[in-house]
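Subject: Structure handover

Hello,

Here is the structure for you to look through. My notes on it follow below.

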Amino acid sequence: MSETSARERLKELIQELAIVRGKVTLSSGKEADYYIDLRRVTLHQEASGLVGEVMLDLLDEAKLEFSNVGGLTMGADPVGTAIMHTARAKQRAVDAFVVRKAQKSYGMGRQVEGPSIEGKDVIVLEDTSTTGGSALTAVEGVRKAGGNVIAVAVIVDRDTGAKERIESEAGVPYLFAYGKDELGL
């Protein structure tokens, strides 16, 4: 599938499957008139592959060199997996990782799971971001684990300050595949 058609088809699926209208309270505690439930897309059999294509293209267009992708567990998990599988299909070695909200107090005591990110250039992912809090938690965990965060990338930006906060507090670029206006929100 061409980049344009993959991008357009994913946009259609986001609009069809993920946008829920009505009053909701977001994980940030803020209220909104709509909710973007991207797990309905990132875990969908067709859309998952498109997520990998569109996000890998986004990162490549930004000319970023990285070996690992991941973020705070739940929202970022299927995004990282989709990118990993898309990269593999293109004979590229990209590993995924998962960041727990807090370091484990048992076992190996890790906060970041998966192949080691120590000394590696990584992209922190999120499905969507309102305040940037989840991505910033992931950035902190990755840095504690020795990873070098080179950017934060999300599928949908809600245009509610996450970009500015992440760029200011984490000091890395914030990229997104779709803005809320493009999705008709």
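In which helix does Thr-42 lie? Thr-42 belongs to helix 2, which covers residues 39–42. Please keep in mind that the model is predicted.

Thr-42 and Asp-77

Thr-42 has a relative accessible area of 2% and is therefore buried, the limit for that being under 20%. Setting aside neighbours within four places in sequence, Thr-42 is in contact with Ser-48, Val-51, Pro-78, Val-79 and Ile-155. Asp-77 is 35 residues away from Thr-42 along the chain, and their C-alpha atoms are separated by 9.0 Å.

Asp-77 itself lies in helix 4, residues 77–89. Its relative accessible area is 21%, so Asp-77 is partly exposed. The side chain of Asp-77 has a polar contact of 2.7 Å with the side chain of Thr-73. Beyond four places in sequence, Asp-77 is in contact with Gly-71, Leu-72 and Val-98.

The annotated binding site

A UniProt entry, which is unreviewed, gives the feature "binding site" at Arg-100, Lys-101, Lys-104, Glu-126, Asp-127, Thr-128, Ser-129, Thr-130, Thr-131, Gly-132, Gly-133 and Ser-134. From this set, the lining of the largest pocket includes Lys-101, Glu-126, Asp-127, Thr-128, Ser-129, Thr-130, Thr-131, Gly-132, Gly-133 and Ser-134.

I looked at two of these residues separately. Thr-130 is in the loop between strand 6 and helix 5, the helix being residues 133–144. Thr-130 is buried because its relative accessible area is 13%, with the limit at under 20%. The side chains of Thr-130 and Arg-158 are joined by a polar contact of 3.3 Å.

Lys-120

Lys-120 sits in the loop between strand 5 (112–113) and strand 6 (121–129). With 32% relative accessibility, Lys-120 is partly exposed. A polar atom of the Lys-120 side chain is 3.3 Å from the backbone oxygen of Ser-116. Apart from residues up to four places away in sequence, Lys-120 touches Ser-67, Asn-68, Gly-146, Gly-147 and Asn-148. Lys-120 and Ala-89 are 31 residues apart in sequence, and the distance between their C-alpha atoms is 22 Å.

Salt bridges

How many salt bridges does a search of the whole structure find? The search finds 12. One of them joins the side chains of Arg-9 and Glu-12, at 3.1 Å from N to O. Both residues are in helix 1 (residues 3–18), three residues apart, or about one turn of the helix. Arg-9 is partly exposed at 24% relative accessibility, and Glu-12 is partly exposed at 41%. Arg-9, Glu-12 and Glu-46 are linked in a network of salt bridges.

Lys-23 forms a salt bridge with Asp-33, with the closest N and O atoms 2.9 Å apart. This pair links distant parts of the chain, as Lys-23 is in strand 1 (residues 19–25) and Asp-33 is in strand 2 (residues 31–36), 10 residues apart. Lys-23 counts as exposed at 63% relative accessibility.

Arg-40 and Asp-37 also meet through their side chains in a salt bridge, at 3.3 Å from N to O. Arg-40 is partly exposed, with 43% relative accessibility, whereas Asp-37 is buried at 15%.

Regards

How values were computed. Residues are numbered from 1 along each chain as its sequence is written. This is a predicted model: local features need pLDDT of at least 70, side-chain atom pairs count only at pLDDT 80 or more; totals for chains, interfaces and linings use all residues. Side-chain values use heavy atoms; hydrogens and water are left out. Helices (H or I, at least four residues) and strands (E, at least two) are DSSP runs, numbered from the N terminus. Buried means under 20% relative accessible area, exposed over 50%, partly exposed in between (1.4 Å probe, protein chains only). Contact means heavy atoms within 4.5 Å. A polar contact is a pair of N or O atoms within 3.5 Å; within protein, one must be able to donate a hydrogen and the other to accept it, and residues adjacent in sequence count only if both atoms are side-chain atoms. UniProt positions are given in the numbering used here, feature names are shortened, and annotations may be inferred rather than shown by experiment. On a 1 Å grid over the protein atoms alone, a cavity is a set of points where a 1.4 Å probe fits but cannot get out, and a pocket is an open set with protein on both sides within 12 Å along at least five of seven lines; lining residues have an atom within 4 Å of a point. A salt bridge is a side-chain nitrogen of Lys or Arg within 4 Å of a carboxyl oxygen of Asp or Glu.
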